Amino acid sequence: MSLLPRVEERLHTFLSAEYDRWHGLDPRSSVPIDAIADLVGAGGKRMRPAFCLSGYLAAGGDPEDGRVIPVAAALELLHACALIHDDVMDESAVRRGLPTVHTSQAALHRERAWQGTAERFGENVAILAGDLALVYSDEIMAEVEPAVAAEWHLLRSELIIGQYMDVAASVEFEPDPETSRWIAIAKSGRYTIHRPLVLGAAVAGRADAAPAFEEYGAALGEAFQLRDDLLDAFGDSEVTGKPSGLDFEQHKMTLLMALAIQRDAHIRELVPAQLRGADHLRRLLIETGVRDDVEKHIDGLVERACRAIAEAPLEPEWREELAAMAHEVAYRSA
(Lines give C-alpha, C1' and ligand atoms only; values in the text may rest on other atoms or scores of the structure.)
Protein backbone atom coordinates (compact mmCIF):
# COMPACT_ATOMS: atom_id res chain seq x y z
CA MET A 1 0.00 0.00 0.00
CA SER A 2 1.41 3.42 -0.93
CA LEU A 3 1.72 6.06 1.77
CA LEU A 4 -1.24 8.34 0.98
CA PRO A 5 -3.86 5.55 1.24
CA ARG A 6 -2.28 4.65 4.58
CA VAL A 7 -2.83 8.24 5.71
CA GLU A 8 -6.48 8.00 4.65
CA GLU A 9 -6.82 4.73 6.54
CA ARG A 10 -5.27 6.31 9.65
CA LEU A 11 -7.68 9.24 9.52
CA HIS A 12 -10.69 6.97 9.06
CA THR A 13 -9.62 4.57 11.80
CA PHE A 14 -8.87 7.35 14.27
CA LEU A 15 -12.13 9.25 13.71
CA SER A 16 -14.21 6.05 13.71
CA ALA A 17 -12.71 5.02 17.06
CA GLU A 18 -13.45 8.46 18.51
CA TYR A 19 -17.02 8.27 17.22
CA ASP A 20 -17.56 4.83 18.80
CA ARG A 21 -16.01 5.99 22.05
CA TRP A 22 -18.27 9.02 22.49
CA HIS A 23 -21.46 8.04 20.67
CA GLY A 24 -21.94 5.11 23.02
CA LEU A 25 -21.99 7.45 26.01
CA ASP A 26 -24.43 9.92 24.47
CA PRO A 27 -25.27 10.21 20.74
CA ARG A 28 -25.13 14.01 20.96
CA SER A 29 -21.49 13.93 22.03
CA SER A 30 -20.40 12.63 18.63
CA VAL A 31 -21.74 15.68 16.73
CA PRO A 32 -18.38 17.53 16.56
CA ILE A 33 -16.64 14.29 15.58
CA ASP A 34 -19.17 13.78 12.79
CA ALA A 35 -18.51 17.34 11.62
CA ILE A 36 -14.77 16.66 11.34
CA ALA A 37 -15.29 13.26 9.69
CA ASP A 38 -17.76 14.68 7.18
CA LEU A 39 -15.33 17.43 6.16
CA VAL A 40 -12.37 15.05 5.88
CA GLY A 41 -14.51 12.51 4.03
CA ALA A 42 -15.78 15.12 1.56
CA GLY A 43 -12.45 15.02 -0.23
CA GLY A 44 -10.10 17.91 -0.68
CA LYS A 45 -6.74 17.96 -2.37
CA ARG A 46 -4.78 16.47 0.57
CA MET A 47 -2.06 18.92 -0.39
CA ARG A 48 -0.41 19.09 3.03
CA PRO A 49 -0.14 15.33 3.53
CA ALA A 50 1.09 15.01 -0.07
CA PHE A 51 3.92 17.51 0.48
CA CYS A 52 4.80 15.91 3.82
CA LEU A 53 5.04 12.46 2.24
CA SER A 54 6.99 13.90 -0.70
CA GLY A 55 9.46 15.59 1.64
CA TYR A 56 9.93 12.30 3.47
CA LEU A 57 10.45 10.21 0.33
CA ALA A 58 12.53 12.85 -1.45
CA ALA A 59 14.83 12.93 1.57
CA GLY A 60 15.36 9.19 1.33
CA GLY A 61 12.69 7.99 3.74
CA ASP A 62 11.79 4.30 3.61
CA PRO A 63 8.36 3.91 1.95
CA GLU A 64 7.73 0.81 4.07
CA ASP A 65 8.36 2.70 7.32
CA GLY A 66 5.15 4.10 8.78
CA ARG A 67 6.69 6.84 10.97
CA VAL A 68 5.60 9.60 8.58
CA ILE A 69 1.95 8.48 8.50
CA PRO A 70 0.87 10.16 11.76
CA VAL A 71 2.56 13.41 10.73
CA ALA A 72 0.69 13.51 7.42
CA ALA A 73 -2.59 12.60 9.13
CA ALA A 74 -2.10 15.29 11.77
CA LEU A 75 -1.57 17.88 9.03
CA GLU A 76 -4.93 17.01 7.47
CA LEU A 77 -6.69 17.30 10.85
CA LEU A 78 -5.02 20.66 11.47
CA HIS A 79 -6.28 21.72 8.04
CA ALA A 80 -9.79 20.62 9.03
CA CYS A 81 -9.54 22.83 12.11
CA ALA A 82 -8.44 25.80 9.99
CA LEU A 83 -11.22 25.29 7.43
CA ILE A 84 -13.99 24.97 10.02
CA HIS A 85 -12.85 28.12 11.82
CA ASP A 86 -12.23 29.93 8.52
CA ASP A 87 -15.80 29.29 7.43
CA VAL A 88 -17.12 30.86 10.64
CA MET A 89 -14.89 33.92 10.27
CA ASP A 90 -15.77 34.29 6.57
CA GLU A 91 -19.46 33.50 7.07
CA SER A 92 -19.14 30.95 4.29
CA ALA A 93 -22.12 28.67 3.64
CA VAL A 94 -20.42 26.01 1.49
CA ARG A 95 -17.20 24.01 1.72
CA ARG A 96 -16.24 21.16 -0.60
CA GLY A 97 -19.71 21.34 -2.10
CA LEU A 98 -21.43 20.74 1.26
CA PRO A 99 -22.95 23.07 3.87
CA THR A 100 -20.32 24.33 6.30
CA VAL A 101 -20.45 23.13 9.90
CA HIS A 102 -21.90 26.34 11.34
CA THR A 103 -24.48 26.54 8.52
CA SER A 104 -25.70 22.95 8.89
CA GLN A 105 -25.89 23.20 12.68
CA ALA A 106 -27.80 26.49 12.51
CA ALA A 107 -30.27 24.84 10.12
CA LEU A 108 -30.70 21.95 12.55
CA HIS A 109 -31.38 24.43 15.37
CA ARG A 110 -34.10 26.15 13.33
CA GLU A 111 -35.61 22.84 12.20
CA ARG A 112 -36.00 21.64 15.79
CA ALA A 113 -37.08 25.01 17.18
CA TRP A 114 -34.48 24.93 19.95
CA GLN A 115 -33.91 27.75 22.43
CA GLY A 116 -31.60 30.66 21.63
CA THR A 117 -30.22 31.95 18.34
CA ALA A 118 -29.66 29.46 15.52
CA GLU A 119 -26.66 31.35 14.10
CA ARG A 120 -24.91 31.53 17.46
CA PHE A 121 -25.53 27.82 18.08
CA GLY A 122 -24.09 26.93 14.68
CA GLU A 123 -20.99 29.04 15.27
CA ASN A 124 -20.50 27.57 18.76
CA VAL A 125 -20.63 24.00 17.42
CA ALA A 126 -18.20 24.89 14.60
CA ILE A 127 -15.71 26.50 16.98
CA LEU A 128 -15.78 23.43 19.20
CA ALA A 129 -15.47 21.05 16.22
CA GLY A 130 -12.48 23.02 14.95
CA ASP A 131 -10.92 22.96 18.41
CA LEU A 132 -11.45 19.21 18.59
CA ALA A 133 -9.73 18.74 15.22
CA LEU A 134 -6.76 20.70 16.60
CA VAL A 135 -6.71 18.53 19.73
CA TYR A 136 -6.80 15.40 17.59
CA SER A 137 -3.93 16.63 15.42
CA ASP A 138 -1.82 17.17 18.54
CA GLU A 139 -2.80 13.78 19.93
CA ILE A 140 -1.55 12.06 16.78
CA MET A 141 1.61 14.17 16.65
CA ALA A 142 2.46 13.07 20.20
CA GLU A 143 3.81 9.90 18.59
CA VAL A 144 6.74 11.65 16.87
CA GLU A 145 10.23 12.49 18.09
CA PRO A 146 11.05 15.94 19.59
CA ALA A 147 12.88 17.28 16.51
CA VAL A 148 9.77 16.76 14.41
CA ALA A 149 7.48 18.14 17.12
CA ALA A 150 9.45 21.41 17.27
CA GLU A 151 8.73 22.06 13.57
CA TRP A 152 5.08 21.17 14.17
CA HIS A 153 4.73 23.73 16.96
CA LEU A 154 6.21 26.43 14.74
CA LEU A 155 3.82 25.53 11.91
CA ARG A 156 0.78 25.86 14.19
CA SER A 157 1.77 29.22 15.66
CA GLU A 158 2.61 30.62 12.21
CA LEU A 159 -0.81 29.57 10.94
CA ILE A 160 -2.71 31.23 13.78
CA ILE A 161 -0.66 34.44 13.80
CA GLY A 162 -1.03 34.65 10.02
CA GLN A 163 -4.78 34.19 10.36
CA TYR A 164 -4.95 36.98 12.94
CA MET A 165 -2.97 39.29 10.68
CA ASP A 166 -5.39 38.47 7.86
CA VAL A 167 -8.35 39.44 10.06
CA ALA A 168 -6.63 42.66 11.16
CA ALA A 169 -5.64 43.62 7.62
CA SER A 170 -9.23 43.17 6.41
CA VAL A 171 -10.56 45.78 8.84
CA GLU A 172 -7.64 48.19 8.48
CA PHE A 173 -7.89 47.81 4.69
CA GLU A 174 -4.57 49.48 3.94
CA PRO A 175 -3.00 48.33 0.65
CA ASP A 176 0.46 47.13 1.61
CA PRO A 177 1.66 44.39 -0.77
CA GLU A 178 4.58 43.41 1.47
CA THR A 179 2.31 42.85 4.47
CA SER A 180 -0.20 40.99 2.31
CA ARG A 181 2.62 38.85 0.92
CA TRP A 182 3.85 38.02 4.44
CA ILE A 183 0.32 37.10 5.55
CA ALA A 184 -0.15 34.87 2.50
CA ILE A 185 3.10 33.03 3.15
CA ALA A 186 2.57 32.70 6.93
CA LYS A 187 -1.06 31.58 6.99
CA SER A 188 -1.03 29.57 3.80
CA GLY A 189 2.27 28.98 2.04
CA ARG A 190 4.36 27.78 4.94
CA TYR A 191 1.69 25.57 6.43
CA THR A 192 0.70 24.14 3.06
CA ILE A 193 4.08 23.53 1.43
CA HIS A 194 7.23 24.60 3.26
CA ARG A 195 6.62 23.14 6.74
CA PRO A 196 5.03 19.87 5.54
CA LEU A 197 8.09 19.24 3.35
CA VAL A 198 10.45 19.99 6.23
CA LEU A 199 8.40 17.81 8.58
CA GLY A 200 8.67 14.92 6.15
CA ALA A 201 12.42 15.42 5.76
CA ALA A 202 12.80 15.61 9.55
CA VAL A 203 11.12 12.22 9.95
CA ALA A 204 13.63 10.88 7.41
CA GLY A 205 16.49 12.42 9.41
CA ARG A 206 17.49 14.85 6.67
CA ALA A 207 17.68 18.32 8.23
CA ASP A 208 20.08 19.30 5.41
CA ALA A 209 17.15 19.38 2.96
CA ALA A 210 15.40 22.15 4.92
CA PRO A 211 17.05 25.19 3.23
CA ALA A 212 16.08 24.08 -0.29
CA PHE A 213 12.57 23.22 0.89
CA GLU A 214 12.29 26.65 2.51
CA GLU A 215 13.16 28.47 -0.73
CA TYR A 216 10.91 26.19 -2.77
CA GLY A 217 8.10 26.51 -0.24
CA ALA A 218 8.33 30.30 0.07
CA ALA A 219 8.05 30.79 -3.69
CA LEU A 220 5.41 28.12 -4.27
CA GLY A 221 3.49 29.15 -1.16
CA GLU A 222 3.09 32.67 -2.51
CA ALA A 223 2.04 31.29 -5.90
CA PHE A 224 -0.47 29.01 -4.15
CA GLN A 225 -2.08 31.95 -2.33
CA LEU A 226 -2.16 34.15 -5.42
CA ARG A 227 -3.94 31.34 -7.28
CA ASP A 228 -6.38 31.16 -4.38
CA ASP A 229 -6.99 34.91 -4.71
CA LEU A 230 -7.64 34.58 -8.44
CA LEU A 231 -9.94 31.60 -7.95
CA ASP A 232 -11.93 33.55 -5.38
CA ALA A 233 -12.27 36.48 -7.77
CA PHE A 234 -12.78 34.62 -11.05
CA GLY A 235 -13.30 30.94 -10.24
CA ASP A 236 -16.38 28.79 -10.78
CA SER A 237 -17.93 27.86 -7.43
CA GLU A 238 -19.17 24.60 -8.96
CA VAL A 239 -15.52 23.65 -9.51
CA THR A 240 -13.96 25.15 -6.38
CA GLY A 241 -16.68 23.81 -4.06
CA LYS A 242 -17.05 27.13 -2.23
CA PRO A 243 -18.67 30.49 -2.98
CA SER A 244 -16.83 32.94 -5.23
CA GLY A 245 -16.18 36.54 -4.24
CA LEU A 246 -15.83 35.91 -0.49
CA ASP A 247 -12.63 37.96 -0.33
CA PHE A 248 -14.56 40.91 -1.76
CA GLU A 249 -17.39 40.44 0.72
CA GLN A 250 -15.04 40.13 3.68
CA HIS A 251 -12.91 43.12 2.59
CA LYS A 252 -9.84 40.86 2.57
CA MET A 253 -6.65 42.75 1.87
CA THR A 254 -5.26 39.90 -0.21
CA LEU A 255 -2.07 40.32 -2.18
CA LEU A 256 -4.22 40.51 -5.32
CA MET A 257 -6.30 43.31 -3.78
CA ALA A 258 -3.25 45.23 -2.49
CA LEU A 259 -1.65 45.15 -5.93
CA ALA A 260 -4.92 46.17 -7.56
CA ILE A 261 -5.46 49.20 -5.31
CA GLN A 262 -1.91 50.34 -5.93
CA ARG A 263 -2.69 50.20 -9.64
CA ASP A 264 -6.08 51.93 -9.44
CA ALA A 265 -7.26 53.68 -6.24
CA HIS A 266 -10.88 53.51 -7.47
CA ILE A 267 -10.84 49.77 -6.73
CA ARG A 268 -10.68 50.51 -3.01
CA GLU A 269 -14.02 52.33 -3.18
CA LEU A 270 -15.76 49.35 -4.75
CA VAL A 271 -14.95 46.76 -2.08
CA PRO A 272 -17.24 48.04 0.71
CA ALA A 273 -20.10 47.85 -1.80
CA GLN A 274 -19.54 44.10 -1.64
CA LEU A 275 -21.47 42.15 -4.26
CA ARG A 276 -23.00 45.24 -5.85
CA GLY A 277 -19.53 46.21 -7.02
CA ALA A 278 -18.13 42.73 -7.52
CA ASP A 279 -18.68 42.47 -11.27
CA HIS A 280 -17.27 45.95 -11.85
CA LEU A 281 -14.34 45.09 -9.60
CA ARG A 282 -13.58 41.98 -11.62
CA ARG A 283 -13.66 44.01 -14.83
CA LEU A 284 -11.23 46.53 -13.36
CA LEU A 285 -8.85 43.77 -12.29
CA ILE A 286 -8.77 42.72 -15.95
CA GLU A 287 -8.80 46.16 -17.56
CA THR A 288 -6.01 47.56 -15.37
CA GLY A 289 -3.83 44.56 -16.18
CA VAL A 290 -3.67 43.36 -12.57
CA ARG A 291 -4.93 39.88 -13.40
CA ASP A 292 -2.35 39.45 -16.17
CA ASP A 293 0.43 40.80 -13.97
CA VAL A 294 -0.48 38.38 -11.19
CA GLU A 295 -0.43 35.48 -13.65
CA LYS A 296 3.04 36.56 -14.80
CA HIS A 297 4.15 36.85 -11.18
CA ILE A 298 2.92 33.32 -10.54
CA ASP A 299 4.98 32.16 -13.53
CA GLY A 300 8.07 33.76 -11.98
CA LEU A 301 7.40 32.19 -8.60
CA VAL A 302 7.05 28.73 -10.15
CA GLU A 303 10.36 29.20 -11.97
CA ARG A 304 11.97 30.25 -8.68
CA ALA A 305 10.57 27.19 -6.88
CA CYS A 306 11.79 24.88 -9.61
CA ARG A 307 15.27 26.43 -9.52
CA ALA A 308 15.43 25.91 -5.76
CA ILE A 309 14.47 22.27 -5.99
CA ALA A 310 16.80 21.66 -8.97
CA GLU A 311 19.73 22.45 -6.68
CA ALA A 312 18.45 20.49 -3.68
CA PRO A 313 20.38 17.47 -2.33
CA LEU A 314 17.74 15.06 -3.63
CA GLU A 315 17.53 12.25 -6.14
CA PRO A 316 16.83 13.48 -9.72
CA GLU A 317 13.43 11.79 -9.90
CA TRP A 318 12.28 13.70 -6.82
CA ARG A 319 13.48 17.00 -8.23
CA GLU A 320 11.31 16.27 -11.25
CA GLU A 321 8.35 15.21 -9.09
CA LEU A 322 8.48 18.34 -6.94
CA ALA A 323 8.78 20.52 -10.03
CA ALA A 324 5.65 18.85 -11.40
CA MET A 325 3.86 19.40 -8.09
CA ALA A 326 4.78 23.10 -8.28
CA HIS A 327 2.98 23.41 -11.60
CA GLU A 328 -0.05 21.50 -10.32
CA VAL A 329 -0.36 23.76 -7.27
CA ALA A 330 0.18 27.06 -9.06
CA TYR A 331 -2.07 26.39 -12.05
CA ARG A 332 -4.91 24.46 -10.39
CA SER A 333 -8.57 25.23 -11.13
CA ALA A 334 -9.93 24.48 -7.65
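This talk describes helix packing and several individual residues in one predicted model.

Good morning, colleagues. I shall begin with a general point. Two packed helices are described by the angle between their axes and the distance between the axes. With that in mind, I turn to two helix pairs.

Helix H1 covers residues 3–23, and helix H2 covers residues 31–41. Their axes come within 10 Å of each other and cross at roughly 160°. Angles over 145 degrees count as roughly antiparallel, and H1 and H2 are therefore roughly antiparallel to each other. The handedness of their crossing is left-handed.

Which residues of H1 and H2 meet? On the H1 side they are Leu 11, Leu 15, Glu 18, Tyr 19 and Trp 22. On the H2 side they are Ile 33, Asp 34, Ile 36, Ala 37 and Val 40. Sorted by class, this contact of H1 with H2 holds eight nonpolar residues, two charged residues and no polar ones.

Glu 9 has a relative accessible area of 46%, so it is classed as partly exposed. Along the chain, Glu 9 and Ala 73 are 64 residues apart, while their C-alpha atoms are separated by 9.3 Å.

The second pair is H4 and H8. Helix H4 comprises residues 69–90 and helix H8 comprises residues 177–203. The two axes come within 11 Å, with a crossing angle of roughly 155°. That angle makes H4 roughly antiparallel to H8. The crossing of H4 and H8 is right-handed, whereas that of H1 and H2 is left-handed.

From H4, the residues in this contact are Val 71, Leu 75, Leu 78, His 79 and Ala 82. They meet Tyr 191, Pro 196, Leu 199 and Val 203 of H8. By class, the contact of H4 with H8 has eight nonpolar residues, one polar residue and no charged residue.

How many of its 22 residues are buried? The count is 21, and H4 is accordingly described as mostly covered. What of its length? At 1.5 Å a residue, the 22 residues of H4 should span 32 Å, and the end C-alpha atoms lie 31 Å apart, which agrees.

Just after H4 comes Glu 91, with a positive phi of about 55°. Most residues other than glycine have a negative phi, and most peptide bonds are trans.

Two further residues belong to this topic. Arg 46, which is not a glycine, has a positive phi near 55°. Arg 46 sits in the loop between H2 and helix H3, the latter spanning 47–58. Is Arg 46 buried or exposed? Its relative accessibility is 9%, so Arg 46 counts as buried.

Phe 173 likewise is not a glycine, and its phi is positive, at about 50°. Phe 173 is placed in the loop between H7 and H8. With 9% relative accessibility, Phe 173 counts as buried.

I turn next to residues within other helices. Gln 163 has its place in helix H7, residues 146–172. Because its relative accessibility is 13%, and buried means under 20%, Gln 163 counts as buried. What does Gln 163 contact, leaving aside its neighbours within four places in sequence? The partners are Asp 86 and Lys 187.

Asp 138 lies in helix H6, residues 118–141. Its relative accessible area of 27% makes Asp 138 partly exposed. Not counting residues up to four places away in sequence, Asp 138 touches Trp 152 and Arg 156. Leu 75, already named in the contact of H4 with H8, is 63 residues from Asp 138 in sequence. In space, the two are 9.5 Å apart, C-alpha to C-alpha.

Ala 50 is partly exposed, with a relative accessible area of 22%. Ala 50 and Leu 108 are 58 residues apart along the chain, and a distance of 35 Å separates their C-alpha atoms.

To close, I return to the two helix pairs. H1 and H2 are roughly antiparallel, and H4 is roughly antiparallel to H8. Thank you for your attention.

Notes: Residues are numbered from 1 along each chain as its sequence is written. This is a predicted model: local features need pLDDT of at least 70, side-chain atom pairs count only at pLDDT 80 or more; totals for chains, interfaces and linings use all residues. Side-chain values use heavy atoms; hydrogens and water are left out. Axes are lines fitted to C-alpha atoms, for helices over the stretch in contact, and angles run from 0 to 180 degrees between N-to-C directions. Helices (H or I, at least four residues) and strands (E, at least two) are DSSP runs, numbered from the N terminus. Angles under 35 degrees count as roughly parallel, over 145 as roughly antiparallel, 65 to 115 as roughly perpendicular and the rest as oblique. A crossing is left-handed if the near helix is turned anticlockwise from the far one by less than a right angle, and right-handed if clockwise. Contact means heavy atoms within 4.5 Å. Ala, Val, Leu, Ile, Met, Phe, Trp, Tyr, Cys and Pro count as nonpolar, Asp, Glu, Lys and Arg as charged, and the others, Gly among them, as polar. The expected span of a helix is 1.5 Å times one less than its number of residues. Buried means under 20% relative accessible area, exposed over 50%, partly exposed in between (1.4 Å probe, protein chains only).
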